[in-house]
Amino acid sequence: ESHFRASEEHELEAVGKKAWDNPVYNGSPSTSLKIQAIYNPKSILENPYENFEEVGDPLPYQEKQNKAVDEKTSPFLKCCFYIFRGIRGLWGTTLTENTAENRELYVKTTLRELLVYIVFLVDICLLTYGMTSSNAYYYTKVMSELFLQTSTDGRVSFQSIGSMADFWVYAQGPLLDNLYWTKWYNNESLAAHGTQSYIYYENLLLGVPRMRQLKVKNNSCVVHDDFKEEISGCYDVYSEDKEERVSFGLINGTAWRYHSEEELSGSSHWGRLTTYSGGGYYIDLKLTREESAEALKVLKEKLWLDRGTRVVFIDFSVYNANINLFCILRLVVEFPATGGAIPSWQIRTVKLIRYVSAWDFFIVACEIVFCVFIFYYVVEEILELRIHKLQYFTSIWNILDVVVILLSIVAIGFHIFRTIEVNRLLGELLKHPNTYADFEFLAFWQTQYNNMNAVNLFFAWIKIFKYISFNKTMTQLSSTLARCAKDILGFAIMFFIVFFAYAQLGYLLFGTQVENFSTFVKCIFTQFRIILGDFDYNSIDNANRVLGPIYFVTYVFFVFFVLLNMFLAIINDTYSEVKEELSSQKDELQLSDILKQSYNRTLMRLKLKKERISDVQKALQNGTKELDFEDFKNSLKELGHADHEITAAFSRFDKDGNHILDEEEQQQMKHDLEAKRVALNTEIENLGKSYGDNNLDENLTYVEARNNHANKASWVSKEEFQVLLQRVLQLEQSINSIGSKIDAVVSKLDMLERNKLKRKDLLGKP
């Protein structure tokens, strides 16, 4: 079947047989000029005609064409054209360029995308790590040790609170002592700082602390008839619909009147037992320890905490100017319906004020670069969506691109919001220093912002696999996971049936006595820990001395020894198949081949220049004290050089313009040529050392290229050249397409043969 259209065949006939007769070759065509497919990694010139003019001067018809274009096109239009083409080329990707039939274009485009993406990845790493500080951990550690572990005169620490009485002991003792630092270690006063408290002499207490509680209604649960006479009142576990909202006690004052979440501009809190709303009864402590102690004394005497109390929050914020970090602390004591107390805490160390040091202003530059990259990738995704429509979302890498971009846009928006909100809060705090500094909202969202950036950075690193997938070695992971996905899915169903069965068994057997089995969710994570060997066997043995060991032994046998090894066997078997197929595939053009081709072309051009210099030196040696232009020209023409090259070289050193080189002019030419020859030798040697010993015998050598270049005066015409070039390219595409189809058929036949052998082996077994 012919691959040429009728018009093209007519055009070829019009040119005639002369199209195949190139005067460069005397007799039969030389075998040195080979048409090689782009899939052959040994080729130097991807196209025999492409970039060939770079060896020497441009072809004659190309010079005329360029001059005609330059004369017809205005400088402004040419400038606009090149700018538009350059801008369009910035968004050239494997999805916007036609790389299906051109392996080299695919590799080069992917390499360019990879280099651009590495710059983006470095920038996003700088931004993410620029928001963190090694001092944050130690700041959190110091604050937690002070407020959670410290006890005054052997009294209760926060972590040891077990009842309401313990809470009051802690609140009136260690809490106030740690909040209000008014003296140095030698008991000298800190009056120089006024009434403000500097915890550990470095951390400014922002505003005043706030204490807030939530209560449930009386008779929110039902007492059984048999116990109604002995038990008066019933206070259920906390839920927002059972929350107490009426005033009590002294009635006047915020501590005795209920305030909604909207009035307090609060937010819900996820505690150990349940989730609590942001409203409740609250009191703001004072600027001095004495006033705060008096306020707490009144609350204790008037029974501010009672049977209905389910949780108490203590919120305050500190700021360290030395390291420019805020520490927002929330101490939580939950009072369950069972009685007792469960302490918990939340300490968030965040950087809310961003631009202070020189490093911060470097991060500003990185943020600007980050915004430019996001704009670049947004345009890129729009172009790819425009071309591929909904089919674009069939690739997991494209979905990952969209996720990274969306997370980045949300991060930019929150960064702007955070900066404005911090300035507003600090302004209000400076105006009213005796009010509660509510940084809890900002600290929460700053933490979520950091978490989002962490996830975004994780996806950004994973996305590198998208750009290195053109290498066979790098595709092993993705190919293995893609091929065994169905088997893993089927195995996962079996695994989780057994896994959840054991989880429910453990919850029902040990849930009332072992903390790790107290909830169904904890049972799931505990069983994962058993697989990894992190487990306390004695706890379940003490909880049930008969069923505990049976549960443990059977779980380890079925899950660890059987199911887990089946999972590994599936992956291992699939990996072996993928590796075998990749090893049997033909070697396509790789990145190393592109680099090798560039090296070979560079070396060839350097050696051509060296040959030209040697030829001119020979012509000078044949001359006398006065070298005539005609003698010089004839000598070089015999060596294959063009007239315009000879004229340009001669006129450069013919200072007086008499078409004769005297002895001084010849010496000057010899001196310049020798300097160039030495420089080229050095450059060739350095190039060889940097790349290593390369075998150029299999490729197009520089001598062959020079011989072709020497006969440049006998090139075919422009029309003949274009026709031949088009035919060669079409032939190459057809050959490549046929070769790909043959490879696919051979691969399928190999697969069928292997499956047939496996079936024979299975049928042959007894």
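Select helix 15 (residues 520–532) and helix 17 (residues 547–584), whose axes come within 10 Å and cross at roughly 70 degrees. Helix 15 is therefore roughly perpendicular to helix 17, a term for angles of 65 to 115 degrees. The axes are lines fitted to C-alpha atoms over the stretch in contact, with angles between N-to-C directions running from 0 to 180 degrees. Helices are DSSP runs (H or I, at least four residues) and strands likewise (E, at least two), numbered from the N terminus.

This is a predicted model, in which local features need pLDDT of at least 70 and side-chain atom pairs count only at pLDDT 80 or more, while totals for chains, interfaces and linings use all residues. Residues are numbered from 1 along each chain as its sequence is written, and side-chain values use heavy atoms, with hydrogens and water left out.

Next, display the side chains between these two helices. Gln-527, Phe-528, Ile-530 and Ile-531 of helix 15 meet Tyr-551, Phe-552, Tyr-555, Val-556, Val-559, Phe-560 and Leu-564 of helix 17; contact means heavy atoms within 4.5 Å. By class, the residues of this contact are 10 nonpolar, 1 polar and no charged. Here Ala, Val, Leu, Ile, Met, Phe, Trp, Tyr, Cys and Pro count as nonpolar, Asp, Glu, Lys and Arg as charged, and the others, Gly among them, as polar.

Now move to helix 9 (residues 358–388) and helix 10 (residues 396–431). Their axes lie 10 Å apart, at an angle of about 140 degrees. Helix 9 and helix 10 are therefore oblique to each other.

Which residues of helix 9 and helix 10 make the contact? Helix 9 contributes Glu-367, Phe-370, Cys-371, Ile-374, Tyr-377, Val-378 and Glu-381, and helix 10 contributes Asp-401, Ile-405, Ser-408, Ile-409, Ile-412 and His-415. The contact of helix 9 with helix 10 comprises 8 nonpolar, 2 polar and 3 charged residues.

Then select Glu-440, which is placed in helix 11 (residues 440–462). Is Glu-440 buried or exposed? Glu-440 counts as buried because its relative accessibility is 7%, the cut-off for buried being under 20% relative accessible area (1.4 Å probe, protein chains only). Leaving aside residues up to four places away in sequence, Glu-440 touches Ile-328, Arg-330, Gln-346 and Arg-348.

Finally, return to the whole chain. The chain holds 23 helices and 10 strands, and 38% of its 766 residues are buried. Among contacts with a separation of 6 or more, 69% join residues 24 or more positions apart.

How values were computed. Parallel < 35°, antiparallel > 145°, perpendicular 65-115°, else oblique. Buried < 20%, exposed > 50% of the residue type's maximum accessible area, 1.4 Å probe, protein only.
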